[in-house]
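Thanks for coming. Please have it on your screens.

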Amino acid sequence: MTSDAQDPTPHELLDQVADATARLLETVSGLRDGDVIEPSLLPAWSRGHVLAHLARNADSLVNLLIWARTGVETPQYASSFVREFDIDAGAPRPVAEQLRDNEAAANRWSALASTAPRETWTATVRTRAGRTIPAAEVPWMRLLEVEIHHVDLAASYTPGDWPASFVTRALPRVAADLAKSLAPDTPPFDIRATDLDFTAPLTPGTPTHTVTGPAPSLLAWLIGRSPGDDLTSPLPTLPAWR
C-alpha cells in the first residue's frame, strides 16, 4: 500500500472508538429481546454472547490501561474460565440490560483512556494471548473488537459500513498476520483492493493469481466474516485469524 499517512495517535484512535461505539449502541438499541437469542455470525454464539463479550472486553482493556498507568501488573482477564463464564452468564439478558452494560463498560474505558498521561502509552503490557505490546496498541485493540463484532451481530451493520480509516489500517495488518500462518503448500497468491492503492503478497514466491475485490470485502474474507463471494476466485483456504 502506498501512503504517506502516519499511524493515528492513541487519542485519534480514541475518537474513532467513540464513533464506532456510538454506531454499535444505536444498533443494540434497535434490537428486541427476542433478537438477543438469535445466532450471531460466530459459531455457537448468539447475539447476546457477542454483546456480553463486547462489554467484558471493554473492562479487560481497562485492566491493561491500569497496568500501563500504575506499573502494577493487571491481567487482561482473571482467567480463561472467568472470561467464558461471564460471557455465557451475560448472553441471555434482555436488550435493555445488554445496552446499559455496554454503555457503562464503554464509559469506563473512555474515562480512563481519555485521561491517560502521555507516558501511559509507552508502557508495556501483555494481552490475553500472551503478546507483549506497547499500551498505545490498546485503543486499536478496542476498535477492532467494536467494528468486527458489530458485524458479527448480524443486525444490519456489514463490512461495507466499516469506515475507510478502519479498513485502510486493518487490511495490511491482517494480511501480514495471515501471511505468517498460511500452510506451506498454499499456492502463491496476492490480494489487491480495487478501491484502494493496496496490493500485498500473502505467500512467498511469484503469485500465480491475485484475489481482487473491494477493500472491505477483502478484509471481511481474511478475518473469516465472509465466504468471499464478491471476490475473484479461486480463493485459497485461510487459517483462522486470531
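Which residues does Trp241 touch, not counting residues up to four places away in sequence? They are Leu144, Ile148, Val174, Asp177, Leu178, Leu222 and Ile223, where contact means heavy atoms within 4.5 Å.

Before going on, a word on the source. This is a predicted model, in which local features need pLDDT of at least 70 and side-chain atom pairs count only at pLDDT 80 or more, while totals for chains, interfaces and linings use all residues. Residues are numbered from 1 along each chain as its sequence is written, and side-chain values use heavy atoms, with hydrogens and water left out.

Back to Trp241, which sits in the segment after α8 (215–222). Helices here are DSSP runs of H or I with at least four residues, strands are runs of E with at least two, and both are numbered from the N terminus. Trp241 counts as buried because its relative accessibility is 13%; buried means under 20% relative accessible area, exposed over 50%, and partly exposed in between, with a 1.4 Å probe and protein chains only. Trp241 and Ile223 are 18 residues apart in sequence, yet their C-alpha atoms are 5.4 Å apart in space.

Now to α8 itself, where Ala215 lies. Is Ala215 buried or exposed? Ala215 counts as buried, because its relative accessibility is 1%. Leaving out residues up to four places away in sequence, Ala215 touches Val167, Leu171, Ala193, Asp195 and Leu196.

Ala193 takes us to the strands. Strand β3 covers residues 189–193 and is joined to β4 by 4 bridges, the two running antiparallel; strands pair if DSSP finds at least two bridges between them. With 4 residues between them, β3 and β4 form a hairpin. Across that pairing, Ile191 stands opposite Ala200, and Ala193 stands opposite Phe198. β3 also pairs with strand β5 (residues 209–213), this time parallel and through 5 bridges, with Asp190 opposite Thr210. Of the 5 residues of β3, 4 are buried, so β3 is largely enclosed by the rest of the structure.

Strand β4 (residues 198–201) has side chains that alternate.

Next, a helix. α5 (residues 95–114) has 20 residues and reaches 28 Å from its first C-alpha to its last, close to the 28 Å expected at 1.5 Å a residue; that expected span is 1.5 Å times one less than the number of residues. Its buried residues include Leu99, Asn102, Ala106 and Trp109. The buried residues of α5 pack against α1 (10–29), α2 (33–36), α3 (47–70), α4 (80–90) and α6 (138–152).

Last, the largest pocket, with a volume of about 710 Å³. A pocket is an open set of points on a 1 Å grid over the protein atoms alone, with protein on both sides within 12 Å along at least five of seven lines, and lining residues have an atom within 4 Å of a point. Grid points are joined across faces, edges and corners, and the volume is the space filled by probe spheres set on them. The lining has 21 residues, and His53, Arg83, Arg128, Glu145 and Arg242 lie nearest the centre. The elements giving two or more residues to the lining are α3 and α6, and α6 gives the most, with 5.

Terms used. 1 Å grid on protein atoms, 1.4 Å probe; cavity = no way out; pocket = protein on both sides within 12 Å on 5 of 7 lines; lining within 4 Å.
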